[in-house]
Amino acid sequence: MPRTVRDVVFVDGVRTPFGKAGPKGIYHETRADDLVVKAIRELLRRNPGLEPKQIDEVAIAATTQIGDQGLTLGRTAGILAGLPQSVPGYSIDRMCAGALTAVTSVAGSIAFGAYDAVIAGGVEHMGRHPMGEGVDPNPRFVSEKLVDESALFMGMTAENLHDRYPTITKQRADEYAVRSQEKAAKAYANGKIQQDLVPVSVRRTNPEAGETGWGLVTADEPMRPGTSLESLAGLKTPFRVHGRVTAGNAAGLNDGATASIIASEDFARENNLPVKMRLVSYAFAGVEPEVMGYGPIPATEKALAKAGLSIEDINLFEINEAFAVQVLAFLEHYGIADDDARVNQYGGAIAYGHPLASSGVRLMTQLARQFEEQPEVRYGLTTMCVGFGMGATVIWENPHHKDAGGDK
Amino acid sequence: MSTAELLKGAAELFPDEVVTSAHVRHLDLPFGAGRFALITLDNGFDHTKPTTFGPASLANLDAAIDQVSKEAAAGEIVGVGITGKPFIFAVGADLKGVELLKEHKDALAIGKGGHEVFKRLSGIGVPTFAYYNGAAMGGGVEVGLHCEYRTVSKAIAAFSLPEVFLGLVPGWGGCTILPNLIGADKAVSVIIENSLNQNKQLKGQQVLDLGIADALFEGADFLEQSLIWTAQVLKGDVEVERPVIDRGEAWDQAVARGRFVADSKVHGAAPAAYRALDIIAAAKNGDLQQGYDAEDVALADLIMGGELRSGIYAFNLVQKRGKRPAGAPDKSLARPVTKVGVVGAGLMASQLALLFLRRLEVPVVLTDIDQERVDKGVGYVHAEIEKLLGKGRINQDKANRLKALVSGVLDKAEGFSDADFIIEAVFEEIGVKQQVFAEVEAVAPAHAILATNTSSLSVTEMASKLKNPERVVGFHFFNPVAILPLLEIVRGEQTDDASLATAFGVAKKLKKTAVLVKDAPAFVVNRILTRFMGEIQNVIDEGTSVEVAEKAVEPLGLPMSPLVLLELVGPAIGLHVSETLNRSFPERFTVSPNLAAVVKAGKRGFYVYDSGKPELDPEVAAILKQGDVVLTEEQVRERVLDAVAQEIGLMLDEGVVAEAQDIDLCLITGAGWPFHLGGITPYLDREGVSERVNGKKFLAPGVASVPA
């Protein structure tokens, strides 16, 4: 039977505000599945053109798929969100790139013709599920030296990446972090972020954590506007004595959820759904697990090659700031300045937080807003590093660009 | 006296209150609508212990309102909301605290305390919002009524003003505010009609449709959407429209309708509905404070009255004692029941088969003496399953499952060889029953329970000829089996604990209210009803008119008059039971020659309904042979109540049940006797009948009355 590959578009994306993991965090008494449910419901409210029964799949990522992140979250969250029972769902895991992989997996299926419209997103409640919860690494990793022992500790892999790029100093990383906080504060002041946040009601019963009773979360908790180089300079380097990676130049431990609607372009247009970004290509790549922050570079090489584009064609970048060094390594590799205006215009995970498997869709939602504002930009990319030595990149076309949809 | 002092005094009377906190938390509303204070009512327990209001809880809410009032005055907040812990908003006054009250002034303080705190919510100086997130009853609903705006969740499990059901009035603003908010007619439906209709609950959609709530949101993000809506209201993006209330004739008609409903349910015998209607009637002028004052007085009067105490007593019997039967053996002794046998395939047997099937979901086998009867029995069950399917009560899969589980056979050996519980519902004749049990014992496993649905025969005698009489229990249902909750579980002389525990386990799965009863003639309900009816019949036979005899017991507010009940039971069955009891207790139970004559004439009752109302059937009137002793209604009532009090006293002496509480539980759940009588013994106590007849009350002071 003849097939035609179909164009895939990013229709819309929302997220919960991100919280700080831990007993005093805003989501400490909130379930992870409830965070996903609120995001899905907000998406549906914002897009009344999409009838819930038309949704072909719910793909939700989580790194630690146990407890309230287990039980095939894509399915259970769909039911909890009030989707018809006829809508199926599944769970996905590629650690930090979970939501990104949810998007690319369903995008592949849409292009193939298996789906028309899908919900893809992710969640990580690192307070309820600390990194490494329940893991049981095979002893052969160490005995056969398959990976370096530092590979399981993300902070150590970031220090290793500093070793690979000796010119990326702690000073440069801190300067990058300060800019991320500044850009995020500015984006908030200009209302760029809030428009894609769903308010979440949160309960608190522990008076040590603050006022008790029900509250409403409408903003990201981790942000530290006004962060200065001086304040960062004195922070400890917990992953290595005299190291470079600190809590200030890395994303924290966070709770949050994201969700997006991914559809075939034809379906979106027929149903008057917005088309915010058009998928161009995507790629994943593996690197040595102990320098996992290097991953975005080969992943981007692959994605560019598949798209027939070069890095010069990309004029907006959303790079996940798991660590400042990982962004800087990417920029250094491509000869882009640390403070290039095309990179993370609204700031990044150092300011907003990085609830592992949810972050990919945050990058896309922010890139989509930048596309709207900058129709002169034709191509952008979202990229992130992934634990155990991987990188993930998606290249998007701006449908608002005058040449969008045409040949390059 | 200040509110704080008032509540402090009240709190001292109720040291064991489960105290509800009123947490104040601040948040930023969406759309930059401003800083908002949200009060969460939470007693610190999970949803299995719903949040209630006692005096210390009210004081906590009062303190929270102090705080937000100051913030409002300082311009720090733009609004105040109030909501509950997960699944529960608040379920009203703590009845345990009400039970403890001994003085009218203390009862008055509870009413005033609630009013003084709640009404502050309408005077904070910024708009107030109630978010009914979960179960809201009584004072819980009322605290929200004092707010300016309300939202309700589609997911609420319960929403009602159940006060009249218990014997109170919605006295923290409900009677006054509700008719002024939604109109008198709808208020009467909520406060009177639903309450007297087995405490019917409203769904979220109905709360919206009635106009009690201004907006309805789904449970999944109810609070978020409520707060977004709040922001829109505060910014003027959403305008809340309220209906214009008809304060003309419609108001009076609504109150009149309420009185009609009350009359048809309690026949003037319980004051609560009428007190509520008086307040609703007076609320027509829109004077809230006048209404609150009237509520305070009504509450205090009712709290000090016997009907409320009986109502709370009855409520607790059904909710607590009914779920933990007195005298039942340890449930760990119970054996599993994986297959049920039913001897007989007549109507009663078929109804039992259906009940076991639906609740236990195990194979159920019917047997009878010929294939035609067996087929008819199974056919009945199949038809009932189809009806349930048609009504959407079960789905096709469940219907298939249930139909596959029921079968009928002629050969008991084939049907019962692996059954764990076999119940007989054959003809009420001891010889027949003994024969049936002997046949069953020959083929059933050694552990199988043999249960009898007899209403009047001796369980001990029925078991006496068996090899294993210890496994026989009485399992006496009440008609209609699917509706009346009572199940009298009869312990024969030789019944062992394991068999009894199994019977109670089955009863629980059947969702019946099980009461342990000694093997005594006619057990509990039939014995009391027969004595009661017998005395009515006696005075008629002696010469009092049927009309006077019937009217004499109207002030009790029973669900139906004695002769209408007789008609429902069937005069022949009534006669049969009276004959049985007459054999056991000839000095107290008579067999009425008039009743015998009516039965002999083939009449189905005493009344004809040609005019729409019951009137004495002229053919019955022609049969009746009466004496010349004509009593007044009062004299009749005294004789009847004396007889009932005497019979209950003797039953307790005989140890038919553990306590008077079990008698009342049986009458409430097996005969539908009303809450305001507390079954019957609280009423007999408060009317002085118990002391007159037995020299003492049935219940200690405070059990179903104002404590000493």
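Student: Which residues touch the most other members of the largest nonpolar core?
Tutor: This is a predicted model: local features need pLDDT of at least 70, side-chain atom pairs pLDDT 80 or more, while totals for chains, interfaces and linings use all residues. Residues are numbered from 1 along each chain's sequence, with chains lettered from A and ligands numbered from 1 as written. The core (buried Ala, Val, Leu, Ile, Met, Phe, Trp, Tyr and Cys joined through C-beta atoms within 7 Å; buried means 20 or more other C-beta atoms within 10 Å) holds 360 residues. Those touching the most other members are A:Val36, A:Ile262, B:Ile422 and B:Ile489.

Student: Which residues of α3(A) and α12(A) make their contact?
Tutor: α3 spans residues 98-112 and α12 residues 359-373 of chain A. Contact means backbone-placed C-beta atoms within 7 Å. α3(A) gives A:Gly98, A:Ala99, A:Leu100 and A:Val103. α12(A) gives A:Ser359, A:Gly360, A:Val361 and A:Met364.

Student: How are α3(A) and α12(A) oriented to each other?
Tutor: Their axes (lines fitted to C-alpha atoms over the stretch in contact) come within 5 Å and cross at roughly 70°. Angles of 65 to 115 degrees count as roughly perpendicular. The two helices, α3(A) and α12(A), are therefore roughly perpendicular.

Student: Which element gives the most to the side of chain A that touches chain B?
Tutor: There, 16 residues of chain A are in contact with 19 of chain B. The most, 4 residues, comes from β7(A).

Conventions. Two residues are in contact if their C-beta atoms, placed from the backbone, lie within 7 Å. A residue is buried if 20 or more other C-beta atoms lie within 10 Å of its own, exposed if 12 or fewer, and partly exposed in between; C-beta atoms are placed from the backbone. Axes are lines fitted to C-alpha atoms, for helices over the stretch in contact, and angles run from 0 to 180 degrees between N-to-C directions. Angles under 35 degrees count as roughly parallel, over 145 as roughly antiparallel, 65 to 115 as roughly perpendicular and the rest as oblique.
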